[in-house]
Each structure stands twice: as structure tokens, then as C-alpha cells.
Amino acid sequence: MSPIVEIENLTKHYWRGDQIVPVLTNINLVIREGDFLALMGPSGSGKSTLLNLIAGLDRPTSGVLRVSGINIAELPESSLTDWRAAHVGFIFQFYNLMPVLTAFENVELPLLLTGLSKRERREHVNLVLQLVGLADRMDHYPSQLSGGQQQRVAIARALVIDPALIVADEPTGDLDRASAEDVLDLMERLNVDLGKTIVMVTHDQRAAGKAHSIRHLDKGILTDDPGAVA
Amino acid sequence: MLLFLRLMLRNLLRHKLRTGLTTLGIIIAIVAFVLLRTVVDAWYAGAEATSAHRLITRNAISLTFPLPISYANRIRQIDGITGLSYSNWFGGVYIDERNFFPQFAIEPKSYLELYPELVLSESEEAAFLKDRKGAIAGRKLAQEYGWKIGDVIPLRGTIYAGNWSFVLRGIYRGAEKKTDETLFLFHWDNLNETLKKTDPARAERVGVFVLRIDRADRAAELSEAVDRLFENSLAETLTETEEAFQLGFVAMTEAILIAIKIVSFVVIAIIMAVMANTMAMSARERRREYATLKAVGFGPRYLLTLILGESLALSIGSGVLGIVAAFPAAGFLASKFGTLFPVFEISPHTIELGLLASCLIGLAAAVFPAWRVITLPVGEGLRSIG
Ligand SMILES: Nc1ncnc2c1ncn2[C@@H]1O[C@H](COP(=O)(O)OP(=O)(O)OP(=O)(O)O)[C@@H](O)[C@H]1O
Ligand SMILES: [Mg+2]
């Protein structure tokens with residue numbers, strides 16, 4: 001499979017006053033199409049930072065970061081935003097649904113940025129809600145859904161634009177064991193049945209077990225070689 | 001984009017209490033603003049109802065000094081003066097000091113001719129002209145005290161001592177909205193005849209002459225011509241347009257009017273600050289949601305629309321309610337003021353200003369939160385606990 005994410009000598013640091021805070025140091029990483037990669041590591045090791053970089057939410061301080069052949073570090077802000085809208089699906093620890101919108105409307109939201117007609121949008125939304133098993137809950141507001149159900153709505157929202165890449169930051173971090181299992185099974189299906197490339201940050205060994213490969217971050221450094229299969 | 005609009009409106013209604021209180025605050029502010037502006041307008045109403053074809057001649061020293069009635073004939077000689085009447089401020093008290101309304105002793109026939117905006121039915125006019133003890137009152141004034149034709153109106157003199165009484169012979173209405181319907185007018189002869197007996201030194205005197213001129217653009221020239229006639233005489237005159245004359249009254253209270261205007265803007269500024277705080281609070285609470293929208297691919301344009309739209313919907317919606325509420329409030333005030341202000345009406349210009357103020361409130365409240373949300377890095381926004 002061809003690489004979808006290519007990272008070479010990537011470094012990221014923040015400035016706190018006039019002090020440099022190094023967060024990621026000399027990262028080299030290749031993620032192939034269809035991969036399911038788990039990023040693990042202690043709190044503060046830079047997992048979220050790396051994930052955000054891959055998803056185009058942030059820019060590296062130096063190094064190369066290519067996604068689908070595009071050097072996203074060099075895209076201007078507005079193009080980067082458009083690029084995310086078309087290529088990346090997001091899953092967050094706290095679901096991040098709009099509380100004032102129904103499940104259906106939450107999933108429809110990213111489609112507003114596409115040229116799809118109202119009818120086409122409805123078809124897409126219905127399809128992904130069925131896929132996550134919540135077709136019967138589409139008129140519910142997030143507050144009327146359990147955590148696991150909310151996360152499945154969030155997965156539907158990530159999936160609805162048919163992204164090449166799905167990034168998930170501790171998607172089971174806020175769920176009980178049974179709900180976490182559901183969500184992980186669902187993600188596995190996205191990967192296996194739909195061929196989505198997934199990068200997932202997690203603290204949970206069992207979650208990482210679903211991934212094809214696990215990479216560990218420690219103090220901003222990738223500590224192991226690729227290929228560690230669970 | 002209907003979904004986006006729905007997101008905006010539901011965000012607006014998210015905190016019912018907060019939105020309700022903000023709405024209430026804006027309504028009160030706009031009502032206050034409109035009423036204050038209307039008070040200012042009412043003050044200037046006298047000047048606005050003037051005619052460019054009328055001049056007022058008064059004693060050059062001060063309004064409180066009269067002019068001899070004999071001036072009338074000499075003024076009439078001037079070419080370009082097509083009509084002349086005169087009046088005295090009476091300043092009597094009707095039952096109680098608090099019942100204020102303007103009273104003038106006038107030369108009835110010429111006065112009604114010079115003020116065609118005082119509309120009187122033919123029979124009432126004839127009855128008034130015939131009865132030397134007669135008087136006429138404006139519709140608003142008659143309404144205020146429940147006067148009917150034939151009623152005897154007693155006035156206690158202050159400038160002209162004694163107890164006076166007049167028979168109401170007519171109730172005039174204004175030809176236009178801005179016409180003063182609070183005047184009480186009676187025969188100058190009535191006043192003069194009495195003075196001849198009781199206080200002859202003050203008889204044969206008038207407060208002001210009202211002149212009609214043939215062309216409005218000759219006002220300056222004719223004013224000068226009148227004043228030149230009486231130069232170096234015992235009572236020199238000062239002639240000016242009716243508008244300038246009326247504005248002279250306003251000028252005495254100009255400082256108060258400026259203060260009222262300033263207060264009206266301060267009210268708007270305060271509600272601006274209050275609403276800006278509300279919007280900033282909302283934006284802060286929703287940082288994670290806005291960050292999510294940004295992550296999903298909604299650019300600054302969308303976020304600005306979302307925040308500005310919510311803010312404007314709230315401020316303009318409340319502003320319109322405020323303007324609507326201002327009408328009954330103004331009606332109530334007008335009834336309380338009674339005849340104090342001849343005209344107390346919310347002008348279209350005030351409505352425009354009120355709407356403009358509501359737009360500005362919404363704009364000002366949205367600018368800072370929108371800027372914060374747009375410039376906040378997505379990663380930071382996602383990390384914040386909502
Ligand atoms: N905007 C920022 N400015 C300064 N420092 C930052 C910023 N964002 C992240 N950091 C720092 O970078 C380091 C890595 O943060 P990151 O969120 O990537 O950690 P993480 O591995 O995801 O941790 P956790 O497991 O707790 O989520 C932390 O020390 C954090 O304080
Ligand atoms: Mg993290």
C-alpha cells in the first residue's frame with residue numbers, strides 16, 4: 001500500500017514567553033493507506049500534538065509533513081481548512097457534538113461545506129447513521145444519548161464526508177467498557193470494511209489492541225521501530 | 001444553509017434566562033433612548049411648527065418689555081409686509097399652579113388670518129370674533145380639562161392682576177401634526193379695556209407683533225426695515241423670523257437638551273458593554289464547539305457569520321421590540337406631561353436612530369468574541385473544557 005502520511009525529521013516546539021518548549025523532536029513516521037495506527041505514551045508526551053499536526057490543525061516548526069502527497073505544512077491557512085474539510089474525519093474524547101443540534105443535524109454539518117444537495121445530504125447522513133447503528137436515534141439531541149451513542153454519532157460525522165484519513169484522540173477515554181468496546185468494534189469495521197486509514201491516540205491497551213500497529217511517544221520522541229503488531 | 005441558521009438561532013436560545021435578561025436590557029435601553037430623544041424633539045417642536053413667512057417683532061431689550069400698539073400702523077406701511085397681528089403673554093393660573101398652558105391675548109381676526117394652521121369651524125370663529133369675552137382653546141388643551149363650548153374658564157392673573165373669566169367659543173384643531181393644540185387665545189381688546197381702567201400705564205401695549213411677509217427670502221431685509229423704523233426711539237425693536245424667535249426659547253435650555261442627548265447615548269453605550277460581556281461569556285463557554293467547527297473545516301467566514309448573526313439577531317430583535325414598546329410608553333408620558341409639550345411624538349428619525357443603535361449594539365458585542373474565536377488555535381480550543 002502507498003503511504004498516506006509521510007513525516008520526516010519533524011520537530012514541533014512552542015514558545016512560552018521567550019522560552020522554547022520542545023514538544024516533538026525529530027519525528028520520522030510513515031503511515032500507509034489502510035493502516036490502523038495507535039499512538040501511545042504518557043501524558044504530556046506529545047501524542048495530541050502529533051495527531052493535530054497529521055490532521056492539519058497545527059503546523060510543524062520544521063521538517064516535512066506530507067499527507068496524500070500534499071505538503072500540508074506549506075498550505076496557506078484557508079487551503080488547509082478546506083483540505084481538512086475534504087480529507088480528514090475527526091473523533092474526539094468528549095465527542096464534541098453541537099448540543100443544540102440533533103444527531104442527524106450534527107452528522108449533516110460537515111456536508112454543508114460540500115456542494116451536495118439537500119437530498120444527497122440526507123441520503124449520506126442516513127447511510128452513515130445506519131452504519132453506526134443509530135438510525136432510530138437521529139432526532140435525538142446529544143443530551144438524550146448515552147456517551148457511547150454520542151461517540152457513534154461523532155464517528156458518523158467523521159465518516160460522512162468519506163475522508164481518506166480518520167484521526168481519533170482518545171475516542172474511548174470517556175466511555176465505560178461496554179461502550180468503548182462498541183466504539184472500537186465500529187472503528188475496526190471502518191478500517192477493515194471501508195478501508196479507512198485511522199490514527200488513534202489512546203491510553204487504553206485494549207483499544208490499542210484493535211490497531212495494526214502501535215507507536216510509543218515519550219517526551220516528544222518516537223521510541224520504538226515501526227512494525228510492532230498487536 | 002438552513003441548518004447553519006438553525007444552529008445560530010438555537011445557540012441564541014440556549015440560555016433562556018440570559019437571553020431573556022439581555023433582551024429585556026436592550027428593550028429598556030431602547031425605550032429610554034427613544035423617549036429621551038423624543039423629549040428633545042418635543043422641545044424643538046415649537047421651532048419646527050413655524051412659518052418662514054412670519055416675523056416676530058419684540059422689544060429689543062427683552063421679551064418682558066412691551067411695545068406701544070401705535071407701532072402697528074407704521075409697520076404696516078412697509079412694502080412687503082402683508083399682514084400684522086399682535087399678542088400679549090397672559091400667564092394666568094387655571095385653578096392650580098400646576099395646570100400650565102400658554103395663554104395669549106390676541107387681535108383675533110388678524111391673528112387667525114396669520115395662523116391658518118389653527119383650524120376653527122366657521123360658526124365657532126364667528127362666535128369667537130363676536131364675543132369680546134370669548135376665547136378659543138386647542139383641542140388637546142380642551143381635552144385635558146374636559147372643556148366644552150360655552151364653558152366659562154376662570155384664570156387668575158399673575159402678570160395682569162385680578163380674576164378673569166372667559167367663555168369658550170371655539171375649539172381649534174391643528175392643520176398639521178406639529179401644530180400646537182395647547183394654546184388658549186382671547187381678545188386683546190378685553191385685556192386692554194380692563195387695563196385702561198385698572199392700570200392705564202400698561203394699556204395700549206403689546207408683547208410682540210406678528211408680521212406676515214410676501215417672500216420668505218426677504219425675511220432678513222424686512223426685519224431690518226422694521227427695526228430701522230424704531231431706531232433711537234424709546235422702545236427699540238428686534239425683529240426675527242418666527243423660527244429664530246422660537247429657537248431663542250430653546251437656547252435657554254440648550255445645556256439641558258445637550259445633557260439629555262448625552263445621556264441617551266450613554267444608555268446605549270452601557271447596554272453595549274453589557275451585551276458584549278454576554279456574548280464574550282457565551283463564546284468562551286463554546287470554545288470547544290467553535291474549535292470543533294474549525295477542525296471540521298468551517299473557516300473564519302462561517303464563525304463570524306455564526307457569532308455576528310446571533311448577536312445581531314438578539315440586538316435587532318430586542319431593538320425592534322423596544323421601539324414598539326416605546327410607543328405606549330411615549331403615550332403614557334405624553335398624558336403625564338399633559339400640555340407641557342405641545343407635541344410629544346416619536347419621530348421617524350428617532351426610530352431610525354433606535355434601529356441604528358440596536359445594530360451597533362449587536363455589532364460591537366460580536367466583534368471581540370468573534371475575533372477571539374477566529375484567532376484561537378484549534379488545538380487550544382479543543383483542549384478547553386466546555
Ligand atoms: N499551545 C501550547 N503552548 C505551549 N505548550 C503546549 C501547547 N500545546 C501543548 N503544549 C505542551 O506540549 C506537551 C504535549 O502536549 P500534548 O497535548 O500533545 O500531550 P499528550 O501526549 O496528548 O498528553 P495527554 O495524554 O495528557 O493528552 C505538553 O507538555 C503541553 O504542555
Ligand atoms: Mg492528548
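Predicted model: local features only at pLDDT ≥ 70, side-chain atom pairs only at ≥ 80, totals over all residues.
## Helix H2 of chain A

Helix H2 of chain A covers residues 77-87. Its buried residues are Leu80(A), Thr81(A), Trp83(A), Arg84(A) and Ala85(A).

## Interface between chains A and B

The size of an interface is often given as the accessible area lost when the parts come together. For chain A and chain B, the buried area is about 2100 Å², and carbon and sulfur atoms give 68% of that area. Val100(A), Leu112(A) and Leu113(A) supply 26% of the area that chain A buries against chain B, more than any other three residues. In terms of residues, the contact takes 24 from chain A and 22 from chain B.

## Chain A

Chain A contains seven helices and 10 strands. Its radius of gyration is 17 Å, which agrees with the value near 17 Å for a compact globule of 230 residues. Taken along the principal axes, the C-alpha atoms fill a box of roughly 50 × 40 × 40 Å.

Of the 230 residues in chain A, 53% are buried. Among contacts in chain A with a separation of 6 or more, residues 24 or more positions apart account for 69%. The chain exposes about 9900 Å², and carbon and sulfur atoms supply 49% of this area. Chain A carries 21 positive and 29 negative side chains, with the centres of the two sets 2 Å apart.

## Chain B

Chain B contains 14 helices and 12 strands. Its radius of gyration is 30 Å, whereas a compact globule of 386 residues would have a value near 21 Å. The C-alpha trace of chain B spans about 95 × 45 × 35 Å along its principal axes.

Buried residues make up 50% of the 386 residues in chain B. Of the contacts in chain B between residues at least 6 apart in sequence, 81% join residues at least 24 apart. Chain B exposes about 18600 Å², with 62% of this area supplied by carbon and sulfur atoms.

## Two residues of chain B

Pro377(B) lies in the loop between helix H13 (348-375) and helix H14 (378-383) of chain B. Is Pro377(B) buried, partly exposed or exposed? Pro377(B) has a relative accessible area of 43%, and is therefore partly exposed. Pro377(B) and Ala291(B) are 86 residues apart in sequence, and their C-alpha atoms are 7.9 Å apart in space.

Glu193(B) belongs to helix H7 of chain B, which covers residues 188-198. Glu193(B) is partly exposed because its relative accessible area is 30%, a value between the limits of 20% for buried and 50% for exposed. Between Glu193(B) and Asn73(B), the separation is 120 residues in sequence and 20 Å in space, C-alpha to C-alpha.

Terms used
Residues numbered from 1 in each chain as written. Chains lettered and ligands numbered in written order. Heavy atoms only, no water. Helix = DSSP H or I, 4+ residues; strand = E, 2+ residues; numbered from the N terminus. Rg over C-alpha atoms; globule rule 2.2 N^0.38 Å. Buried < 20%, exposed > 50% of the residue type's maximum accessible area, 1.4 Å probe, protein only. Contact = heavy atoms within 4.5 Å. Areas by Shrake-Rupley, 256 points an atom, 1.4 Å probe, with all protein chains shown as cover. Buried area = accessible area lost by both parts, 1.4 Å probe. Lys, Arg positive; Asp, Glu negative; His and termini not counted. Charge placed at Lys NZ, Arg CZ, Asp CG, Glu CD.
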